[in-house]
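Colleague: I am new to this one and would like to learn how to read it. Could you walk me through a few features?

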Amino acid sequence: MSNNIKQVIKREYLKCAQDPVHFMRKYCTIQHPLKGKIKFDLYDFQEKLLCEFGEHSYNVILKARQLGISTLTAAYSLYIMLFNSDKNILVIATSKDTAKNLVTKVRVMYQGLPSWLKTKVYEDNKLSLIFENGSQIKAIAATESAGRSEALSLLIIDEAAFIDKIDEIWTAAQQTLATGGDCVVLSTPNGVGNWFHKTWVDSVDGINNFNFIKLHWSLHPDRDQSWRDEQDIRLGPSQAAQECDTDFLTSGTGVVDPKILEWYKQNQIKDPVEKTGVDRNLWLWEYPLVNKDYIVVADVARGDGSDYSAAQVFDVEDLKQVAEYKGQLSTTDYGNFLIELSTKYNDALLIVENNNVGWATIQTIIDRKYKNLFYQSKDLKYIDTEHQISNRYRAEDRNMIPGFTTSSKTRPLIIAKMEEYTREKLVKLNSIRLIEELLVFVYNGNNSKIEAMKGYNDDLVMAYSIALWIRDTALRLKSEKDGLQRATMDSLLNNNKGYEEKPVYFGGVGRPKENPWEMNVKNKKEDLTWLLG
């Protein structure tokens, strides 16, 4: 072999080592179901996915069926094994045969490589492939001890939503990644409440270390709506929605119909224009407008680390979600955060749920004299909200307390209001975090209790529900009362000709009266200040 050829091969080898896309496009062979063995010509979305693998150690992929992601993962595994020494890759799948398929894909690709890209094979069988450089890939079926005691460079969990006892498997396998190994979890959805769904939801919320990747059927360049319609016929609408649209289907016990939630996903949900705050957990979709009224509702975390403080910001008139927070701040920090948030949104009406730890947050708000804090009656029998106000004026003698009390009486009411408004699509929702919480907000115990599924949270849902309840009761009643007061005063002023045409002074001729609301009504002095109460 001439030196020129050796130099060309060396440059090409280095290019492959540095660029996995180049390596796969030019040298990897795949087994196509119709065309036989062909070059692996990556689609754009597959190329972007490789970049995600390079940027993030942990990736969870919610995918539609037949997008070639298992094939891409196999090519990525071969790339790691060829150009690195002592890399240990483990594939866990629902069964031994399923896991074996991925190793077979690696073997087919390796066999199709030119000789100068190959390395010596130390061991080759149906479930494993080991190179002389110490790198290897092994496939095993999902068992509770799968992956235990393995020092892994890369863990691949295929169709994770369909693996039994995946929680125990992950607990065992995760320890093997402690030295810096990577993880790729991929699956089509299989309902809610399982480990894969919870991992996905937590990744969206930024709670765990996973980077979330969603791959919808429409990403495939060879598929169009006619293909999607055909899947409805072949699989049925429900199954097609799950396997093509990456739709987490519930068991039918959800408070809100999952079809409604899917409609929100397809038609309203969008990325925030800004993620801000000290923890970047404040999501903004719309900045405050000077002519708008807003409402801020806050749920305060218990402080035990298992739940989160949550806040929703809505445009009162348009029922549009403009901002949302979900994070873990101390009660004092949360109070200060809520003041800043409410002030920013035009001194919004601030409603804080006054549970046990909620009082600490409320006290911070009171101490800083925020002027538009919500108060309600101490007597919880007044759940009709006529005894709710939105300021501290005469709060004590009116027997009012700050914040909103979620009790056995009010909880069903606010949840029913939320379900109605969401079902009728009267609310503009932007947050995928909220939709994911609504998916697991269910009836438990023969419909006697409504709460999040075990292992999930409903903090955003409760803040959302309270916002709708207050907007439709206390704020509506206040608006009607204000309108009635204005109409009454206009009527009195228009009918009181003596007051309009000629000032009436009390306590001395020629001296202006001190109380502008004291006037002649049917030739009698009357103080109308009570109308302002």
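Modeller: Gladly. Let us begin with the lining of the largest pocket, whose residues divide into eleven nonpolar, twelve polar and ten charged. Please keep in mind that this is a predicted model.

Colleague: How much space lies in the largest pocket?

Modeller: About 1,000 Å³. The lining has 33 residues, and those closest to the pocket centre are Pro33, Gln66, Leu67, Gly68 and Thr71. Two or more lining residues come from each of β1 (29–32), β2 (36–39), α4 (69–82) and α5 (96–111).

Colleague: Which element gives the largest share of that lining?

Modeller: That is α5, with seven residues.

Colleague: Let us turn to strands. How should I read the directions of their side chains?

Modeller: In a regular strand, side chains alternate between the two faces of the sheet. Take strand β13, residues 294–299. Tyr294, Val296 and Ala298 point one way, while Ile295, Val297 and Asp299 point the other way.

Colleague: Are the residues of β13 buried or exposed?

Modeller: Six of its six residues are buried, so the strand is mostly covered, where buried means under 20% relative accessible area.

Colleague: Which strands pair with β13?

Modeller: One is β14 (residues 309–315), which pairs with β13 in the antiparallel sense over six bridges. Within that pairing, Ile295 has Phe314 as its bridge partner. Another is β16 (residues 349–352), which runs parallel to β13 and is joined to it by four bridges. There, Val297 stands opposite Ile351.

Colleague: One last topic: backbone angles. Where does Glu159 lie, and what is its phi?

Modeller: Glu159 sits in the loop between β8 (154–158) and α6 (166–174). Its phi is near 50 degrees, a positive value in a residue other than glycine. Glu159 counts as buried because its relative accessibility is 19%, and the cut-off is under 20%.

Colleague: And what is the phi of Arg280?

Modeller: Near 60 degrees, a positive value in a residue other than glycine. Arg280 is found in the loop between β11 (274–276) and β12 (282–284).

Technical notes:
Residues are numbered from 1 along each chain as its sequence is written. This is a predicted model: local features need pLDDT of at least 70, side-chain atom pairs count only at pLDDT 80 or more; totals for chains, interfaces and linings use all residues. Side-chain values use heavy atoms; hydrogens and water are left out. On a 1 Å grid over the protein atoms alone, a cavity is a set of points where a 1.4 Å probe fits but cannot get out, and a pocket is an open set with protein on both sides within 12 Å along at least five of seven lines; lining residues have an atom within 4 Å of a point. Grid points are joined across faces, edges and corners, and a volume is the space filled by probe spheres set on the points. Ala, Val, Leu, Ile, Met, Phe, Trp, Tyr, Cys and Pro count as nonpolar, Asp, Glu, Lys and Arg as charged, and the others, Gly among them, as polar. Buried means under 20% relative accessible area, exposed over 50%, partly exposed in between (1.4 Å probe, protein chains only). Two strands pair if DSSP finds at least two bridges between them.
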